[in-house]
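Q: I have a structure open and would like to go through some of its side-chain contacts and its open spaces. Could we begin with charges and rings?

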Amino acid sequence: MSDGASRRGFFRDLAAAVASTRDAMAPEPAAAEPPPAPAAAQLSDAEIERYARQLVLPEWGAAAQLAISEANVLVVGVGALGTPVAAYLAGAGVGRLGLLDPDDVELSNLHRQLLHFTPDVGVPKAESAAAKLRFLNPDVVVEPYQVRLEEENAAALLEGQDLVVDCSDSFATRYAVNAACCAAGVRLVEAGVLGLSGMVMSIKPGRTACYRCVFPVAPADAPRCADAGVLGPAAGVIGSLQALEAMKLVTGVAPAVADGFLQVDLASAEFTRVHASRRADCPDCGTL
Ligand SMILES: [Zn+2]
């Protein structure tokens, strides 16, 4: 038996064992129905090989792999945060990945937006990122859209999405995404990065504090990356945290950072969990 075949056998057995343990821990169903096929049996040999290092995690396993393979995720903005988010989600095997960005790649993007290369300057960011992601994982359906999410088109863009990851760089877009996700009941991961610091938060509409609950109004004179600057690895850290939150929300493998946010100061290497609650008068989620 080749190393590859024996490794696949090992992971298939392991995934089946994890799935059966989960089945044993699950409450008894009310009616006697035939048990579902073990999740591991639904993964191909190639999938078991590709996702071996996450399948082997006790928190992940075949059930989480199948959950992410069925997920429709929309990434809003394929720049500093959106490129690590999209790369990790495609690598992890998300089913369908929508990429939304109205802009073209610029030379000043390349130090931090790692899916765009020098020959891509002038190419739409959504197309540039999609091309790389199709090489990274051909099993993922990647759909690029060169469009800006605004109040008027948000509901249509969210149609059929299970999760939105907001990697935009403007407060207007963030509030539009938050309102649309609350209205549609679509889970959302918000984040922002500037200089050497950033934040990330997960939102389950109607269940946890939304972005507007936590930040009722945009700061009057918030600096932008173009003016204040940002270091590539800082964007990479925040984008990676955002991808991790997305994977938690899709699979439930660990509690998401909800009802508040994670404040990350990379100059002092401090991570601070800031708690917040839903607001009854929130215009976006108060009536949910
Ligand atoms: Zn709210």
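A: R174 lies over the face of F171, at 4.9 Å from the ring centre. Please keep in mind that this is a predicted model.

Q: And where does the charged end of K132 sit?
A: The charged end of K132 is placed over the ring of F117, 4.8 Å from the centre of that ring.

Q: Now the rings themselves: how many aromatic pairs are there in the whole structure?
A: The search of the whole structure finds 3 aromatic pairs. In one of them, Y211 and F215, the ring centres are 5.0 Å apart and the planes meet at 45°, so the pair is tilted.

Q: Is Y211 buried or exposed?
A: Y211 is buried, with a relative accessible area of 4%. F215, by contrast, is partly exposed, at 24%.

Q: Which residues do the ring pairs link into a cluster?
A: The cluster consists of Y175, Y211, F215 and F261, linked by ring pairs.

Q: Changing topic: what is the volume of the largest pocket?
A: Its volume is about 1,100 Å³. The lining of the largest pocket comprises 49 residues, and S168, D169, S170, R174 and C225 lie nearest the centre.

Q: Which element gives the largest share of that lining?
A: That is α8, with 4 residues.

Q: What is the lining like by class?
A: The lining of the largest pocket has 25 nonpolar, 14 polar and 10 charged residues.

Terms used:
Residues numbered from 1 in each chain as written. Predicted model: local features only at pLDDT ≥ 70, side-chain atom pairs only at ≥ 80, totals over all residues. Heavy atoms only, no water. 1 Å grid on protein atoms, 1.4 Å probe; cavity = no way out; pocket = protein on both sides within 12 Å on 5 of 7 lines; lining within 4 Å. Points joined across faces, edges and corners; volume = space filled by probe spheres on them. Helix = DSSP H or I, 4+ residues; strand = E, 2+ residues; numbered from the N terminus. Nonpolar A, V, L, I, M, F, W, Y, C, P; charged D, E, K, R; others polar. Phe/Tyr/Trp six-rings, centres within 6.5 Å; stacked < 30°, edge-to-face > 60°. Buried < 20%, exposed > 50% of the residue type's maximum accessible area, 1.4 Å probe, protein only. Lys NZ or Arg CZ within 6 Å of the ring centre and 35° of its normal.
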